[in-house]
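Subject: Structure for you to look at

Hello,

Here is the structure I said I would pass on. Please open it beside this message and follow along; my notes come after it.

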Amino acid sequence: MVDQYWYQKSVFYEVSVQAFYDSNGDGVGDLAGLTQKLDYFASLGIDCLWLLPIYESPMRDGGYDISDYRKINPVYGSVDQFANLLQEAHNRHIRVIMDLVMNHTSDQHPWFKAAREDRQSPYHDYFVWSETDQKYLDARIIFLDTEISNWTWNEATQEYYWHRFYSHQPDLNYDNPAVIDEMFKIVEYWLEMGIDGFRVDAVPYLIERDGTSCENLPETHAILKQLRAFVDREVPGKVLICEANQWPKDVVKYLGRGDEFQVAFDFPLMPRIYMAMKKADSAPIRWAMEQLPSIPASCQWGTFLRNHDELTLEMVSEEERQFMWSEYSADRRYRLNLGIRRRLAPLLDNDRRKIELAHSLLFSLPGSPFLYYGDEIGMGDDVTLYDRNGLRTPMQWTSGNNAGFSTAGQLYSRIISQPEYAPSRVNVEAAEKEPGSLWHVIQKMIALRHDHTVFSTHNFTWIDCHEARSAVFRRESENETILAVHNLSDTVLHLEVPVTRAANYVDLFTSRQYNEDESKLLLALEPYQYLWLKALLG
């Protein structure tokens, strides 16, 4: 029987097909290459792969500008190769989800090419048009670095078209039932091929109304509830994950009563993990956890440290944003929009202790964790590449030519060359061979998470040790109690951790035992040390 709540227990891995492995020597990663590397994911312990867009696209925005939703970008391979990837992944008990970009298309999509040439085209009403650029003025501009308006003039029809992102990505008109019907048919097409669900991109922006921010509108939720009902009816057991970079009070509405999305990303938590580590103060994490409303039992938060976009600072105050920029991107080249375009390891000074600590928080806090490809080996970034491309460089498999990614003479992107992150020092082959590597630590964390399903529950209690530099919390179920203990500072920390019942505790990583002493645990933690202490109940 299929576990309908499998996503609550899963560790997800976000992967760029373009960047992962090139099987045919053309310099670009492809579906056949990803298929060849499936054993890598099985070895790491990954439950589900999230593929960045693989549709036909001009690739002006990493594939989020789609020119045909039913075709695969030929550089990545064919539909048959995708079907083979799904079969081979499922043979290894690995699920696969795709990106679904509902909000907009590429301006090269046949729908828009027809729409922009003729107001009488049946596709004209597939998009949002206006005689003036003064409509929806309360809607913010998301890409402040590149766009000055959400409207762009179209000469052929003498009117403006609407776009919440780049001007080459016109928004679809979800007030038109034909657009909803088209999108549901696209969803059905890929579900019938065997995918396990979708991460749905930019969901808050589907509907526009004057006098509003054009975000999180009731009409948008109505469409998304239709989508969920459609998916459940057509192919039960699939997951819908929403990308809504919003405050939790708004994001929780995308879960509905368990009848909209099953998983929603927890955007406010992510920057506050970095904030807490830089300040050596758990207050930012505490604050983020306090903002989380209760969610339906069937739902889950999606947690992450990094992804393919900039480290977004939209969900922080102006003071916090300035702090993050000054501390994590003093070099202004790393700043993009309202965020920071850096990978995990460089953000954390390439300090193994900090990188492990961040992953301990990721895997022990409530939610399903999402890893970003290459972070498990500590890959670096390249600020000289355009936009966010510096975060999307080829996976480093070996210390050899092209980092073992490709045999081509020229790649879609440069390999990281900074000495501390170059393939000679950072690669999968070396990481797998070294028992104490970051890769093996993360593998261990994933295995422990699988073994102790209390981490998949919503149960979470913060423990006050009267020490700001600590982050200590309890994960508890009927059968198990685990205390997650973190030293956020660069100094030795002596803690008194109150416990609710008499018990001895064992650290799941080292098997070292700690004894309760008069309803408290006395712990001495090294800088950036973390413990997962399981109660041994008599």
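The axes of helix H13 and helix H15 (residues 438-451) come within 11 Å and cross at roughly 15 degrees. That makes H13 roughly parallel to H15, a term for angles under 35 degrees, while over 145 is roughly antiparallel, 65 to 115 is roughly perpendicular and the rest is oblique. An axis here is a line fitted to C-alpha atoms, for helices over the stretch in contact, and the angle runs from 0 to 180 degrees between N-to-C directions. The helices (H or I, at least four residues) and strands (E, at least two) are DSSP runs, numbered from the N terminus.

This is a predicted model, in which local features need pLDDT of at least 70, side-chain atom pairs count only at pLDDT 80 or more, and totals for chains, interfaces and linings use all residues. Residues are numbered from 1 along each chain as its sequence is written, and side-chain values use heavy atoms, with hydrogens and water left out.

On the H13 side the contact (heavy atoms within 4.5 Å) is made by Arg352, Ile355, Glu356, His359, Ser360 and Phe363, and on the H15 side by Leu438, Val441, Ile442, Met445, Ile446 and Arg449. Sorted by class, the residues of this contact are seven nonpolar, two polar and three charged. In this sorting Ala, Val, Leu, Ile, Met, Phe, Trp, Tyr, Cys and Pro count as nonpolar, Asp, Glu, Lys and Arg as charged, and the others, Gly among them, as polar.

H13 also turns up in the surroundings of helix H9 (residues 269-279). Is H9 enclosed or open? Nine of its eleven residues are buried, so H9 is largely enclosed by the rest of the structure. Buried means under 20% relative accessible area, exposed over 50%, and partly exposed in between (1.4 Å probe, protein chains only). The buried residues are Leu269, Met270, Pro271, Arg272, Ile273, Tyr274, Met275, Ala276 and Met277. They pack against helices H10 (283-290), H11 (318-328), H12 (344-347) and H13 (352-364), and against strands E12 (300-304) and E13 (311-312). After H9 comes alanine 280, with a positive phi near 55 degrees.

Next, helix H6. The axes of H6 (residues 177-193) and H7 (residues 218-234) come within 11 Å and cross at roughly 35 degrees, and the crossing is right-handed. H6 contributes Ile180, Phe184, Val187, Glu188 and Leu191 to the contact, and H7 contributes Ile223, Gln226, Leu227, Phe230, Val231 and Glu234. These residues divide into eight nonpolar, one polar and two charged.

H6 has a contact with helix H4 (residues 79-91) as well: their axes come within 10 Å and cross at roughly 55 degrees. H4 and H6 are therefore oblique to each other. Val79, Phe82 and Leu86 of H4 meet Tyr189, Trp190 and Met193 of H6, which gives six nonpolar, no polar and no charged residues.

Lysine 238 sits in the loop between H7 and strand E10 (239-242). Is lysine 238 buried or exposed? With a relative accessible area of 14%, lysine 238 is buried. A polar atom of its side chain lies 3.1 Å from the backbone oxygen of isoleucine 195.

The loop between strand E9 (197-201) and H7 holds alanine 202 and cysteine 214. Alanine 202 has a positive phi near 50 degrees, and cysteine 214 has a positive phi of about 60 degrees although it is not a glycine. At 1% relative accessibility, alanine 202 counts as buried; cysteine 214 is also buried, at 1%.

Last, glycine 256 lies in the loop between helix H8 (248-251) and strand E11 (263-265). Glycine 256 is partly exposed, with a relative accessible area of 24%. Not counting residues up to four places away in sequence, glycine 256 touches Lys225 and Pro296.

Regards

Terms used:
Left-handed = near helix turned anticlockwise from the far one by under 90°. Polar contact = N/O pair within 3.5 Å; in protein donor to acceptor, adjacent residues only side chain to side chain.
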